[in-house]
Amino acid sequence: MANLINEDFLLRSDLAKKLYEDYASKLPIIDYHCHLDPKEIYEDLKFDDITHAWLGGDHYKWRLMRANGVTEDFITGDQPSYKKFEKWSETVPYLFGSPLFHWTHMELNHFFGINEILSPKNAKEIYDKTNETLKTLSARQMITNSKVEVICTTDDPVDDLKYHFLLKEEDISFKVLPSFRPDKAMNIELSWFNDWVDQLAGVVGFELNDYESLKKALRQRVEFFNEAGAKVSDHGLDVLLYADATEEELAAIFAKGRKGEKISDHELAQYKGNLLVYLGTLYNEFGWVQQYHIGALRNNSDRMLNELGPDTGYDAINDGLIAIPLRSILNKLDSTDELPKTIIYTLNPRDFEVAITIMQAFQGGGIAGKMQFGTPWWFLDQRDDIEKQYRALGNNGLFAKFIGMLTDSRSFLSYPRHDYFRRILCNFVADQVNEGLFPLDLEVLGKIISDITYYNAKNYFGF
């Protein structure tokens, strides 16, 4: 099947093809949440080979290679580069039903002009051809070739943002902006909390011996990120918690954390929920958008965590209840009219309607789509759950104001995922029309498609 990725890929009707071609395919990309390294962008990274570019750090691929019986030395170990690539090529033919089958071949097509299906039969030929292209295909070229306009990286509050400032001085066609990710300030129960707080103290230049000083330090870092062009924060909320607390109670909990004392579940809910509220007031003050990524269950294999560390493919979907803490946090911010623009992502598809119906209670202020239900992420960024998200948002929200796709990726080769999303979007909208559920008005349909693809995000973030 040599031409799997063609101009009609995923487009099942003439209307879908027209919507894609006229209103989606040519628009730039706004990648408002990713994990690219700004240092690699600034230095215009050139990859050693396709294994480095494609398999290095890609735990999506690693998980499926393990499931196919590939041993760890060919995944994260020290086997030769081609041998690792060869093991991936052995896995690809078995990716039936997997988005990685599509992404693999979309990336081969987009960046390398290869339309063959990767398999052990042609692995060496494709390995050599991609490596030849990579001699002249750098990180920045991958970005510009993909028509990327804005990239928002994910950055710790203690980061000096050196490479963001350097990139601002560069004559390049795209912006690279930082995003504020204060998870380490939130996770008071973890063993490295105090080391991180000490690091933060070194950055801000004063001791962090009480809760008020922590808040002062975080404000200072928000101001610094704002000067660097940040417009977005992000929170990885594996478990969403909230309980009411006084400032005195929060101060006592922080003091316990600094002493390394055990903190109760109720105290965790008080600390995490109220610090999240405080940060929300800062984001509102600076006109930022806050993102809540809810529901990951991380590092499920203790053995492999000890061997390889985090973010190596041993995470899953959590099933904690989110309705009451989510409502409580949003309501607390809304009660003082300090609720910023907010994007809610739920990793458990069970929670789609929960999040959408709660967020709809906090729309308003004359801001179109102020509260957003974010694009399906991580385990959900495939056709089934993308379409499920469309339906859930259409059923209980305002689908036409949705801000669309992001990569959430560490790979410079991942931008074809935007094209994957756009094709699914155009097909979904066309199906609604073809089923008689919405009128065939190309002016309206075209605006919905182009807005979700590009313009809604551009306007929402103020890029």
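User: Hi! Is Gln363 buried, exposed or partly exposed?
Analyst: Gln363 is partly exposed, because its relative accessible area is 29%. Buried means under 20% relative accessible area, exposed means over 50%, and partly exposed is in between (1.4 Å probe, protein chains only). Before we go on: this is a predicted model, where local features need pLDDT of at least 70 and side-chain atom pairs count only at pLDDT 80 or more, while totals for chains, interfaces and linings use all residues. Residues are numbered from 1 along each chain as its sequence is written, and side-chain values use heavy atoms, with hydrogens and water left out.

User: Thanks! Where is Gln363 found?
Analyst: Gln363 is in the loop between helix H17 (352-360) and strand E10 (371-373). Helices (H or I, at least four residues) and strands (E, at least two) are DSSP runs, numbered from the N terminus.

User: Which residues is Gln363 in contact with, leaving aside its neighbours within four places in sequence?
Analyst: Those are Gly369, Lys370 and Met371, where contact means heavy atoms within 4.5 Å.

User: And which backbone nitrogen lies 2.8 Å from a polar atom of the Gln363 side chain?
Analyst: That is the backbone nitrogen of Met371. The side chain of Gln363 also reaches the backbone nitrogen of Lys370, at 3.3 Å. These are polar contacts: pairs of N or O atoms within 3.5 Å, where within protein one must be able to donate a hydrogen and the other to accept it, and residues adjacent in sequence count only if both atoms are side-chain atoms.

User: Let's look at H17. At what angle do H17 and helix H18 pack?
Analyst: H17 and H18 (residues 383-396) pack at about 35°, with their axes 10 Å apart. Axes are lines fitted to C-alpha atoms, for helices over the stretch in contact, and angles run from 0 to 180 degrees between N-to-C directions.

User: What residues make that contact?
Analyst: On the H17 side they include Phe352, Ile356 and Gln360, and on the H18 side they include Asp385, Ala392 and Asn396. By class, the contact of H17 with H18 has five nonpolar, four polar and three charged residues. Ala, Val, Leu, Ile, Met, Phe, Trp, Tyr, Cys and Pro count as nonpolar, Asp, Glu, Lys and Arg as charged, and the others, Gly among them, as polar.

User: How about H16 and H17, what is their angle?
Analyst: Helix H16 (residues 323-335) and H17 pack at about 25°, with their axes 10 Å apart. H16 is therefore roughly parallel to H17. Angles under 35 degrees count as roughly parallel, over 145 as roughly antiparallel, 65 to 115 as roughly perpendicular and the rest as oblique. The contact is made by Ala323, Leu326, Arg327 and Leu330 of H16 with Val354, Ala355 and Ile358 of H17.

User: New topic: is Ser213 buried or exposed?
Analyst: Ser213 counts as buried, because its relative accessibility is 10%. Ser213 sits in helix H12 (residues 211-227).

User: What does the side chain of Ser213 reach?
Analyst: The Ser213 side chain reaches the backbone nitrogen of Asn209 at 3.3 Å. A polar atom of the Ser213 side chain also lies 2.6 Å from the backbone oxygen of Asp210.

User: Last one: which residues of helix H5 are buried?
Analyst: In H5 (residues 81-91), the buried ones are Tyr82, Lys84, Phe85, Trp88, Ser89 and Thr91. What covers them includes helix H3 (50-55), helix H4 (59-67), helix H6 (99-112) and helix H7 (123-134).
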